[in-house]
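Thanks for coming. Please have the sequence and the structure open.

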Amino acid sequence: EGGGEQRQTGESAGGKDDSFLGKLGGTLARRKKAKEVSELQEEGMNAINLPLSPTPFELHPEDIMLEENEVRTMVDPNSKNDQKLQELMKVLIDWINDVLVGERIIVKDLAEDLYDGQVLQKLFEKLEGEKLNVAEVTQSEIAQKQKLQTVLERINDALKVSTRSIKWNVDSVHAKSIVAILHLLVALSQHFRAPIRLPDHVSIQVVVVQVRNLFAVVFLINEVFLYSERDAFDTLLDHAPDKLNVVKKTLITFVNKHLNKLNLEVAELDTQFADGVYLVLLMGLLEGYFVPLYNFFLTPENFDQKVHNVSFSFELMQDGDLERPKPRPEDIVNCDLKSTLRVLYNLFTRYRHVD
């Protein structure tokens with residue numbers, strides 16, 4: 001989802017340096033040998049001064065006061081004022097306040113108001129219609145994290161996203177990471193079909209700092225939250241639902257023409273492709289090869305196995321010179337009809353003349 005550059009530096013002799021990194025070196029001198037301090041100072045100086053992006057950013061001494069292998073992420077201040085990012089945050093804040101209008105809760109700042117789990121708890125309870133067994137008010141950091149752990153575990157269960165796709169955790173949310181919180185809220189709004197329009201092509205630049213062998217290594221990553229475009233299926237579902245059955249019938253006829261060769265038949269597009277098995281088998285039939293059974297789960301038993309199957313079918317599509325489908329594998333597994341229609345329609349367009 002993102003890309004970044006890495007800059008490392010060499011060594012130089014130490015001298016008095018009144019810059020903030022020079023002062024940083026003075027602070028570290030009490031703990032490190034003089035040579036190590038000099039190397040760290042030069043490394044940090046070059047990492048910051050070299051052009052990581054067209055718009056420079058500034059790190060403060062405390063940003064790189066880390067233990068060995070410790071990682072710290074922070075939003076590049078230059079991207080905080082991005083218009084689309086601001087629009088995304090405003091839409092999400094308005095949505096949360098609409099959902100919680102009866103709770104006398106008003107959210108003004110996503111990071112400051114959601115980090116302790118209280119608002120997330122109320123939001124999820126309203127959306128899911130379920131009462132969570134957690135303390136209503138928590139003051140200590142330990143209690144807040146315990147509550148947040150329970151809330152996030154329940155949210156993750158409801159969202160049914162694979163472990164590798166989760167971009168938030170207790171530590172990142174409690175640390176008020178706007179990146180993690182935005183990923184979480186976008187996922188919630190999409191899962192619960194929030195009556196809002198999220199802006200397209202939203203991203204933010206994230207600075208990642210890690211200390212390796214006493215050197216401060218800096219990465220710049222472009223974190224993407226939403227990258228979507230409305231297409232024919234959006235228009236079809238929004239404005240011409242009467243034509244939806246015609247499209248579904250056409251696609252059902254197409255897939256059954258091939259699946260019937262294996263004595264298989266589809267009646268419901270959104271549910272029967274959700275485990276990915278038919279997608280894998282269909283790709284083998286369309287391309288004329290046998291898919292080894294050890295490459296996928298013929299009878300998937302859990303969500304992650306279904307995601308694996310759908311992801312594998314997407315790889316087969318790419319092997320057939322098709323573009324990787326826009327929907328996420330999780331969308332197919334979660335029986336999102338629009339996502340399933342998109343994938344099948346792409347296959348229909350490519351293979352409709354295959355016998």
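**Helix packing and selected residues**

α3 passes α5 in a left-handed crossing. A crossing is left-handed if the near helix is turned anticlockwise from the far one by less than a right angle, and right-handed if clockwise. The contact is made by W95, I96 and V99 on the α3 side, and by V119, L123, K126 and L127 on the α5 side. Contact here means heavy atoms within 4.5 Å. By class, these residues are six nonpolar, no polar and one charged. The classes are as follows: Ala, Val, Leu, Ile, Met, Phe, Trp, Tyr, Cys and Pro are nonpolar, Asp, Glu, Lys and Arg are charged, and the others, Gly among them, are polar.

Before going on, the basis of all this. This is a predicted model, in which local features need pLDDT of at least 70 and side-chain atom pairs count only at pLDDT 80 or more, while totals for chains, interfaces and linings use all residues. Residues are numbered from 1 along each chain as its sequence is written, and side-chain values use heavy atoms, with hydrogens and water left out.

Back to the geometry. Two packed helices are described by the angle between their axes and the distance between the axes. For helix α3, residues 83-99, and helix α5, residues 118-128, the axes come within 10 Å and cross at roughly 65°. That makes α3 roughly perpendicular to α5. Axes are lines fitted to C-alpha atoms, for helices over the stretch in contact, and angles run from 0 to 180 degrees between N-to-C directions. Under 35 degrees counts as roughly parallel, over 145 as roughly antiparallel, 65 to 115 as roughly perpendicular, and the rest as oblique. Helices (H or I, at least four residues) and strands (E, at least two) are DSSP runs, numbered from the N terminus.

Which angle do the axes of α5 and helix α6 make? They cross at roughly 30°, and come within 10 Å, with α6 covering residues 141-159. α5 and α6 are therefore roughly parallel to each other. α5 passes α6 in a left-handed crossing. From α5, the contact uses Q118, L120, Q121, F124 and E128; from α6, K147, L148, V151, L152, R154, I155 and A158. That contact divides into seven nonpolar, two polar and three charged residues.

Two residues in these helices deserve a look. E125 lies in helix α5. Is E125 buried or exposed? E125 is buried, at a relative accessible area of 12%. Buried means under 20% relative accessible area, exposed over 50%, and partly exposed in between, with a 1.4 Å probe and protein chains only. Leaving aside residues up to four places away in sequence, E125 touches E130, K131 and L132. N156 sits in helix α6 and is buried, with a relative accessible area of 19%.

Helix α10, residues 244-259, has 16 residues and reaches 22 Å from its first C-alpha to its last, close to the 22 Å expected at 1.5 Å a residue. The expected span is 1.5 Å times one less than the number of residues. Buried residues of α10 include L244, K248, L251 and F254. α13 has 17 residues and spans 24 Å from first C-alpha to last, close to the expected 24 Å. Among the buried residues of α13 are F303, V307, F312, F314 and M317. What covers the buried residues of α13 includes α12, α14 (329-333) and α15 (337-351).

Now some loop positions. D321, in the loop between α13 and α14, has a positive phi of about 70° although it is not a glycine. D321 is exposed, with a relative accessible area of 67%. K176 is in the loop between α7 (170-174) and α8 (178-191). Phi of K176 is near 65°, positive in a residue other than glycine, and K176 is partly exposed at 32% relative accessible area. F290 lies in the loop between α12 (277-287) and α13 (303-319), and counts as exposed at 66% relative accessibility.

Last, the chain as a whole. The protein chain has 15 helices and four strands. Of its 355 residues, 47% count as buried. Among contacts with a separation of 6 or more, 65% are between residues 24 or more positions apart.
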